[in-house]
Amino acid sequence: MEGEQPKQVTGYLLFSLATAVIGSLQFGYNTGVINAPEQKLRSFFNATWIERYGESIRPGVCTIVWSVTVAIFSVGGMVGSFSVGVMANRFGRRRSMFLVNSLAVIGGLLMGFSTICSSYEMVIAGRLVIGLFCGLFTGLTPMYVGEVSPTPLRGAFGTLHQLGVVVGILIAQIFGLEGLLGSDKLWPLLLALTVAPAVVQCILLPFCPESPRFLLINLKKEEEARKALVRLRGSEDVSKDLQEMKEESAKMAMEKKVTIPELFRSASYRQPLLIAVMLQLSQQLSGINAVFYYSTGIFKSAGVEQPIYATIGAGVVNTVFTVVSLFLVEKAGRRTLHLLGLGGMAVSALLMSISLLLKYIDAMSYVAILAVMIFVAMFELGPGPIPWFIVAELFSQGPRPAAMAVAGCCNWTANFLVGISFPKLEELCGPWVFLIFTAFLIIFFVFTFFKVPETKGKTFDEISRCFGGSAPPASSSVEDPPASSSATTAALPASPVQEKLPLVEAPTVTSPTPTAATALAEKPAPAQESV
């Protein structure tokens with residue numbers, strides 16, 4: 001088996017991963033694209049208002065329309081994130097990605113034709129549809145990437161989603177330049193450009209395999225799953241991967257699926273759920289999207305002469321530090337990096353407030369740029385990628401889908417609240433607005449320090465002991481097993497020890513595999529037949 005490890009990363013695997021990550025790039029692009037053409041959109045709102053009502057739009061109304069245009073994206077994301085599981089299991093991972101791209105086409109065309117139809121409502125509707133598209137892809141891409149990746153590399157490849165997002169933001173910032181697509185006439189094309197990667201992904205997806213895990217566990221098509229694995233791994237011997245999937249299938253059959261209401265009612269899930277929600281809130285209420293959405297305006301307020309170039313610089317820093325975090329997260333640990341990121345962001349948010357307060361001093365424009373760069377870098381070290389890792393690791397197979405849905409919804413809700421409230425807060429608070437985010441960052445730092453356990457290199461059983469319990473999800477399965485034989489029920493207590501976590505670094509995943517396979521082989525026949 002050791003000799004076959006180099007063959008696990010094949011050209012076909014990289015092609016499939018790159019095709020899937022186009023969805024992550026789309027999410028990043030549509031997050032960052034609304035920033036550069038802000039003044040053009042406000043002028044368009046005003047021109048449309050004059051055409052309809054014969055008078056200029058009031059500044060307060062214009063700010064509300066702009067805020068809705070930015071924040072409606074997150075409303076679509078909330079709905080989409082809740083629908084991921086149903087769609088992925090109904091149509092499969094690959095077909096779901098193919099179908100969801102139709103939303104990108106609809107949303108892009110609505111925004112692209114808004115000026116021709118003199119309708120700012122089309123921009124808002126387009127942003128809503130694009131938000132729904134991105135909400136679905138924020139679940140589908142990590143799911144597909146995790147399921148086609150070799151187990152030892154699942155953690156590294158899992159971070160490709162975040163890398164795709166930050167590259168998408170950078171592309172949006174570059175295309176938003178006045179000399180490219182950020183001009184008065186071309187901004188509708190800038191917003192509609194999201195159609196192009198959607199079409200490219202639809203052309204490439206038929207050449208990618210369906211998730212072998214979906215084929216084996218959901219559709220019970222073992223031969224098709226084996227063929228897909230042979231192409232992905234570049235080796236005829238894929239028995240190890242198949243065995244791991246069968247183990248997971250056996251665990252899924254043994255463990256009771258937990259609904260969202262049960263997740264909230266059960267005391268055993270309360271602490272991990274609180275940690276999952278707080279970590280997602282720490283990602284959004286840190287103020288990172290306020291910086292992404294309104295960075296050009298922030299630099300302009302600080303007296304920067306060419307704010308768009310400073311914004312692009314922040315995008316480059318964002319991308320570089322995402323790559324850095326890929327290596328650090330496997331060595332330093334999730335909790336340590338999250339604390340480092342929150343602390344660094346709090347200091348830089350304070351610097352941002354000072355630079356805006358003292359903008360009449362020439363040197364403060366450079367301080368504002370530096371503060372934003374540090375803010376973005378610290379975000380990508382910790383609060384950017386880590387909440388998604390830890391949510392997946394805090395819960396076993398039964399409650400994990402419900403927990404991910406709740407966490408995703410909280411993330412998008414906080415995203416919406418920041419997007420809708422930041423322009424008004426900026427008007428009311430002026431330079432003091434980032435002190436609000438500083439306060440949130442301090443609260444999240446204290447919470448993480450006292451409540452969040454380190455999950456690097458730990459099994460689910462070890463993580464559950466951090467909460468003072470002994471694998472609560474498995475115990476709920478024993479109390480209420482889903483129509484299984486007595487032999488299967490008797491095998492349940494051993495399940496938490498063998499639990500494999502998604503997106504865990506190579507040393508953690510590879511070492512328990514022989515033990516898990518041996519343990520499965522020693523189980524009674526009925527447990528094997530249930531696969």
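In the predicted model, helix α20 bends by about 40° at phenylalanine 422. A proline, proline 423, follows within four residues of this bend. Helix α20 covers residues 400–429, which amounts to 30 residues. From its first C-alpha to its last, the helix reaches 40 Å, close to the 44 Å expected at 1.5 Å a residue. Glycine 430 comes after α20, and its phi is positive, near 60°.

Helix α20 also takes part in an aromatic contact. Eleven aromatic pairs are counted in the structure. In one of them, the ring centres of phenylalanine 27 and tryptophan 412 lie 5.5 Å apart with the planes at 50°, so the pair is classed as tilted. Phenylalanine 27 belongs to helix α1 (residues 11–32) and tryptophan 412 to helix α20, so the contact ties together parts that are 385 residues apart in sequence. Phenylalanine 27 is buried, because its relative accessibility is 14% and the limit for this class is under 20%. Tryptophan 412 is likewise buried, with a relative accessible area of 3%.

A further aromatic pair consists of phenylalanine 45 and tyrosine 120, which are arranged edge-to-face, at 5.8 Å centre to centre and with 70° between the planes. Here phenylalanine 45 is in helix α2 and tyrosine 120 in helix α5, so parts 75 residues apart in sequence are tied together. Phenylalanine 45 is buried at 0% relative accessibility, and tyrosine 120 is buried at 9%. These two residues belong to one aromatic cluster formed by Phe44, Phe45, Tyr120 and Trp187.

Charged side chains provide another set of contacts. Seven salt bridges are found in a search of the whole structure. One of these joins arginine 42 to glutamate 38, with the closest N and O atoms 3.2 Å apart. Both residues lie in helix α2 (residues 38–53), four residues apart, about one turn of the helix. Arginine 42 is buried, at a relative accessible area of 18%, and glutamate 38 is buried as well, at 13%.

Arginine 213 forms a salt bridge with glutamate 147, and the closest N and O atoms are 3.3 Å apart. This pair links distant parts of the chain, since arginine 213 is in helix α10 (residues 212–218) and glutamate 147 is in helix α5 (residues 120–148), 66 residues apart. Both partners are buried: the relative accessible area is 13% for arginine 213 and 11% for glutamate 147.

In the salt bridge between arginine 226 and glutamate 223, the closest N and O atoms are 3.4 Å apart. The two residues are three positions apart in helix α11 (residues 222–233), so about one helical turn separates them. Arginine 226 is partly exposed, with a relative accessible area of 26%, and glutamate 223 is also partly exposed, at 43%.

Notes. Residues numbered from 1 in each chain as written. Predicted model: local features only at pLDDT ≥ 70, side-chain atom pairs only at ≥ 80, totals over all residues. Heavy atoms only, no water. Expected span 1.5 Å × (residues − 1). Bend = angle between axes of the 7 residues up to and from the residue. Salt bridge = Lys/Arg side-chain N within 4 Å of Asp/Glu carboxyl O. Buried < 20%, exposed > 50% of the residue type's maximum accessible area, 1.4 Å probe, protein only. Phe/Tyr/Trp six-rings, centres within 6.5 Å; stacked < 30°, edge-to-face > 60°.
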